[in-house]
Amino acid sequence: MRISVIGTGYVGLVTGVCLATKGHQVICIDKQLKIVKKINRMEAPIYEPGLEELLRNVITKGTLVATTDLKSAVMNTDISIISVGTPFRDGKIDLRYIESAAQEIGNVLKEKNSYHVICVKSTVIPTTTDTLVKSILEDASGKKAGEFGLAMNPEFLREGKAVQDFMYPDRIVIGAYDKESFESMKNVYKDFFDAPILKVNLRTAEMIKYTANALLATLISYSNEVAVICEKVGKIDVKEVLEGVTLDKRFNPRVNNQLIYPGMVSYLKAGCGFGGSCFPKDVQALLAFSKELGYFPSMIQATLAINYAQPYRLIERLEEILDTLENTKIAVLGLSFKPETDDIRESPSLVIIKELLAKKAKVIGVDPIAIENTKKKFPQNELLHYSTDYKHALQEADAAILVTAWSDFTKISPQEVKKLMKIPILIDGRRVFDKSSFEAAGVQYIGVGLAEYLQ
Ligand code: UDX
């Protein structure tokens with residue numbers, strides 16, 4: 001099929017490149033000429049494993065091209081996939097980029113005679129596609145929905161695994177206005193044969209996306225809440241508790257009593273809280289939207305409140321050990337919101353750095369690739385330094401806090417910590433280290449959801 005993808009951010013570009021890889025003819029549209037030129041030069045404007053290689057292939061083959069010319073793209077394709085940003089601004093979701101994309105497509109549809117489907121891929125609050133987008137398109141084109149197709153097809157792409165998640169999806173959710181819209185979207189995904197396709201209406205598709213992200217975020221906050229209770233009781237490890245809970249078949253399905261996925265159930269893990277470009281923004285948008293409808297969603301509110309508090313708890317525990325943080329030097333291991341990305345948006349590391357500095361500690365931020373992004377928020381100064389070398393940071397520090405489970409950090413041995421640090425104190429914000437081997441080596445180990453005595 002011939003497909004336009006509007007917006008070449010992280011979702012749009014991955015979508016465009018992957019659909020072109022599957023054999024569709026794709027035109028990626030962006031207002032920023034700089035980005036368009038970069039894509040056409042076969043350079044991925046974002047860091048995403050595997051993306052640049054696929055981009056090179058599809059540009060070389062001629063199945064993908066980028067342009068700023070939305071009109072000719074829409075004229076020459078059968079489907080437009082809207083994947084522009086939907087930031088959270090002034091207490092609610094900001095739909096201005098969705099509105100302007102719909103307006104521009106609608107203007108082109110006025111002159112276009114052949115059938116065209118408009119598909120919203122951006123995360124939008126329920127009713128956006130079947131009210132706002134539909135009416136803008138109808139007004140601008142002078143046509144009624146049905147004369148053009150309308151669909152909502154949310155993405156479930158994790159940063160760092162976006163290409164893999166797109167190519168091998170768990171499910172494809174297609175919200176469709178009518179049968180024709182659905183059939184066109186089904187054709188887009190005809191070569192993703194393993195993935196179940198869920199056919200729903202437009203607002204259900206929108207709600208599925210929010211519910212999925214809010215549920216995953218809630219699992220994390222629930223784990224973090226249980227972690228606090230475990231710490232308060234003392235001598236209970238939240239990790240063992242959650243393992244004991246999730247060995248239940250209902251969480252961890254088995255075949256012939258063998259676990260399909262051995263290990264802790266994803267997202268039911270205690271840590272220093274969730275960050276990133278999606279969970280915090282989407283959960284806040286769902287909360288605001290629900291309040292607008294006259295319903296206060298207390299569980300969703302609690303998910304955010306627990307997540308807000310979690311990074312502060314690590315600082316509190318450190319303060320209990322060191323008495324004061326003033327004039328101490330703390331190594332913050334990991335700046336990105338999760339491993340394999342340089343993205344620091346809403347990362348717990350930002351709260352931790354801010355709080356440490358407020359308490360007059362000196363900080364060394366360590367990360368393999370996210371230092372430049374962090375410097376934009378917290379420039380280097382006499383109290384705040386950065387390093388890509390954790391050994392150097394540990395040598396200088398009075399204590400270390402693991403915030404991001406980069407593989408470089410999770411491989412750090414107890415002997416290394418003991419040798420490098422004057423007074424070896426390690427706060428494990430992700431529960432990746434083995435407490436007993438660190439303690440055996442003489443390291444003071446503090447893990448989220450694990451405390452020795454009643455407090
Ligand atoms: C998420 C969703 O997973 C994806 O489906 C959606 O389309 C976009 O949002 P992403 O933001 O890339 O993807 O990150 P994800 O890997 O899900 O992690 C989100 C946050 O939760 C990270 O800060 C991570 O560190 C945290 N997390 C995750 C935990 O704290 N504990 C866990 O057990 C899992």
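How many bridges join strand E8 to strand E9? Before the answer, a word on what you are looking at. This is a predicted model, in which local features need pLDDT of at least 70, side-chain atom pairs count only at pLDDT 80 or more, and totals for chains, interfaces and linings use all residues. Residues are numbered from 1 along each chain as its sequence is written.

Now to the strands. Strand E8 (residues 149-152) and strand E9 (residues 172-176) run antiparallel and are joined by 2 bridges; strands are DSSP runs of E with at least two residues, helices are runs of H or I with at least four, and both are numbered from the N terminus. Met 152 stands opposite Gly 175 in E9. Helix H9 packs on the sheet here and touches E8, E9 and E10 (contact: C-beta atoms, placed from the backbone, within 7 Å). Its direction makes about 145 degrees with that of E9, with axes fitted to C-alpha atoms, for helices over the stretch in contact, and angles running from 0 to 180 degrees between N-to-C directions.

Step back to see the open sheet: 8 strands in the order E3-E2-E1-E4-E7-E8-E9-E10, with mixed pairing (two strands pair if DSSP finds at least two bridges between them). Strand E3 (64-67) and strand E10 (197-200) are the edges, each pairing on one side only.

Of the 19 residues around the ligand, Glu 159, Lys 269, Phe 274, Gly 276 and Cys 278 come nearest; a residue counts as near if its C-beta atom, placed from the backbone, lies within 6 Å.

Note on methods:
Contact = placed C-beta atoms within 7 Å.
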